[in-house]
Structures are given as structure tokens and as C-alpha cells.
Amino acid sequence: MALWDKVKAELVDIIEWTDDSRDTLVWRFPRYQNEIKYGAKLTVRESQVAVFVSEGKIADVFGPGMVSLTTKNLPVLTTLKGWYYGFDSPFKAEVYFINTRNFTDLKWGTKNPIMLRDPEFGPVRLRSFGTYVVKVSDPSVFIREIVGTDAHFSMDEISDQLRSMIASRFADILAESKIPVLDLASNYHELARFVSAKLAPEFNAYGLDITKLVIESISLPPDVEDALDKKSSMGIIGDLSRYTQFQTANAMEKAAENPGGDASAGVGMGMGFAMANQMGKALGPQPPQTTGGATPPPLPGSETVDYFVALKGEQKGPFSRKIICEMIKDRLIAPDTPTWKKGLDTWIKASEMDELKRDFDAVPPPLPS
């Protein structure tokens, strides 16, 4: 230090700190070789505390106000130095100014999702973030545990550690609370208050006090939120079939009012909802299946046989057994009419089929002319 700086330091007898920053927690008053004149004026403003450190030990602590540094006002330092009868020369001591105001709008959040088991959705992942307010409650502990000999200590130097403490404690409490995901929003205040109470001893160990904790949001992953939105939409719609009919009717009305332009769009929308309805039915509960297939086989003796006949050179059919019998009675099929049914390799005469031969025998001959 230059000679003039030394002389100027000797002349200055006011020790104070005018804080113009927003994030400074601790500031050490700069003095040449830490020498303080006897009778110097110490000014401590509101939301400040001045801590005197002598030979590495915390001596005296001063709150807001202005005092003259004398033997009477420095009881601990006087004892350490052995000034039982006063002194008249400069003494050495480090003066730390501690900012005791509330530091607001500090951010916290969970870096990784919190895994927990929800009673309704099962295993879920949750993220959360918010703000907190902190202040120095015990300057001596704060200097001893955190600051050390740092001449300028800012909030950024400890904010990461505080955020980690909050996130860890919050994850533990949230998992133990077992509050359903859909009920968390109504318990933000209670959770924040409970977390603050659990964090108080840990902050106090650093000489700090967490005066406010705010939970702004507890959120699910985006894809889960999208699925939840779709489920909510289905709940609002209600009966899907009625909703489909309503949308289809609106689309048809729109198409009728505007034959060109957006007509195709309206019809397309109606068809889309109709298709969705059919898909819903397909994906819905199915009727119980019977053994061996969707429908039971025909009763024994009730099997149907389809017949084909050749009339005027053309194949006709298939006809049931009952229809063939009526055609024989009406003489539309003669005994020599070519006939075929499943199982035959070729066409045969109708009278050669055993079941049809009885029908021909039951038909009376033509009336005499």
C-alpha cells in the first residue's frame, strides 16, 4: 500500500458499510493491517450486524446503532487483549458486516424426477419447483461454519447447497405423505410449512433461518399430462355414441348449408367420429364366446343342402330342399332334369337322387287330355 493510503487509513475513524448490492451476505471492512484507532466510530445500520474477529477468534458482536470503540464497548476484545486499565493506541481486529435482511425470490427445484407410488395411477414421476426466503439468524455461527475468512461472501456461494437441501427433504416428505397426485394442489401450503419445519434445524446449523418456502408447482411428465387431459376430455364428453351422433348431425347440417367449400371437411369430421365410435365398440367388452366358434353348429338332422339345376340350358340355384320339392310339384323340374349338389362329381338326373326320387313318386301324373 502507498504511503498516502496508509496515512489516509490512519485518519479515518468511521467504520461502516453502505450496502448497494442485493446479494451480499458478508463484507469485511478494509483497513491497513486491520488497525483500528481508539475511539473510532462504528456505525451499524438496520438489517446489519458487525462482528469483530481478533487473532482468529470471534470477539464482540454489535447490532444496529453507532458506538465509540473503547474499552467499555469492547468487553470481550478487552479481555482477550488484557486491556484491564484501558488503552490509547490503535488495535488490530477484523470487522465483518453481516447482512441480516431477508433474501427473497430464491429458486429451488428438483433436478431429477421424484419416483413414488400413487394409489390411483401407480408408479409416477413428479417434478416440483418454487421459491424460498432465507436470512442470517446467528452471525457468529454463520462466519464460523460458512464464511471463514472470505472478504466478500455472496448468496450465490451457498444457494446451490441450500437448493439441494430443500429438494432432498421435499422428496422425502412428499413420498412419505402418500397424498394422491390429484390432491397435491390442495395441499401445497401444508406441504411447504411441513418442509420448512423439517429444514429449520439443518439451516440453523449454518446460522441461517428459512423464513418462507413456497411450492409453485408439482407436475407430471408431459406425456402423462397429455393422457390425463384426454381422460378428462372423455369424462366431459360422456356418452360417446350420443356425442358421435351429435357431431355427425352437425357435419351433415353444415354440408347441406354449404354444398361447396367446407362441405367435405364437415362430412369428413362426421365420418371420423363414426369410425371412432366403431373402433370404440371393437375395443370394448366382447360377448362371451361359445366353445368351437362364434355360433353353435346346426342341430343333427337339420343340415341344409343346396341344389343346382339346369333349366333351358342355364344353371339355376342354389335352391333349398323345400324349394326343389315345390318346383317338382309344379313340374318345373322333370325326372330327367340335370341336377347337382355338393359331394357329386358330375351332374345327374333329378330322379337319381334318393331324396328327390320320393318327391317324384308323390307327384300325380298329368291329367289325360
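Helices (DSSP runs of H or I, at least four residues) and strands (DSSP runs of E, at least two) are numbered from the N terminus, and on that basis the protein has ten helices and 18 strands. The model is predicted, so that local features need pLDDT of at least 70 and side-chain atom pairs count only at pLDDT 80 or more, whereas totals for chains, interfaces and linings use all residues. Residues are numbered from 1 along each chain as its sequence is written, and side-chain values use heavy atoms, with hydrogens and water left out.

Of the 369 residues, 32% count as buried, a term that means under 20% relative accessible area, with exposed meaning over 50% and partly exposed lying in between (1.4 Å probe, protein chains only). Among contacts (heavy atoms within 4.5 Å) between residues at least 6 apart in sequence, 65% join residues at least 24 apart.

D359 belongs to helix α10, which spans residues 354–361, and counts as buried because its relative accessible area is 12%; when residues up to four places away in sequence are set aside, D359 touches R321, C325 and I328. D226 lies in helix α6, residues 222–237, and counts as partly exposed because its relative accessibility is 43%.

D226 also takes part in a surface patch of negative charge, together with D223, E225 and D229. Such a patch is made of residues with over 30% relative accessible area and no salt bridge, like charges being joined within 9 Å, where a salt bridge is a side-chain nitrogen of Lys or Arg within 4 Å of a carboxyl oxygen of Asp or Glu.

Technical notes
Patches are made of residues with over 30% relative accessible area and no salt bridge: like charges are joined within 9 Å, nonpolar side chains (Val, Leu, Ile, Met, Phe, Trp, Tyr) within 5 Å. Accessible areas come from the Shrake-Rupley method with a 1.4 Å probe; for residues, only the protein chains shown count as cover. Lys and Arg count as positive and Asp and Glu as negative; His and the chain ends are not counted. The place of a charge is taken as NZ of Lys, CZ of Arg, CG of Asp or CD of Glu.
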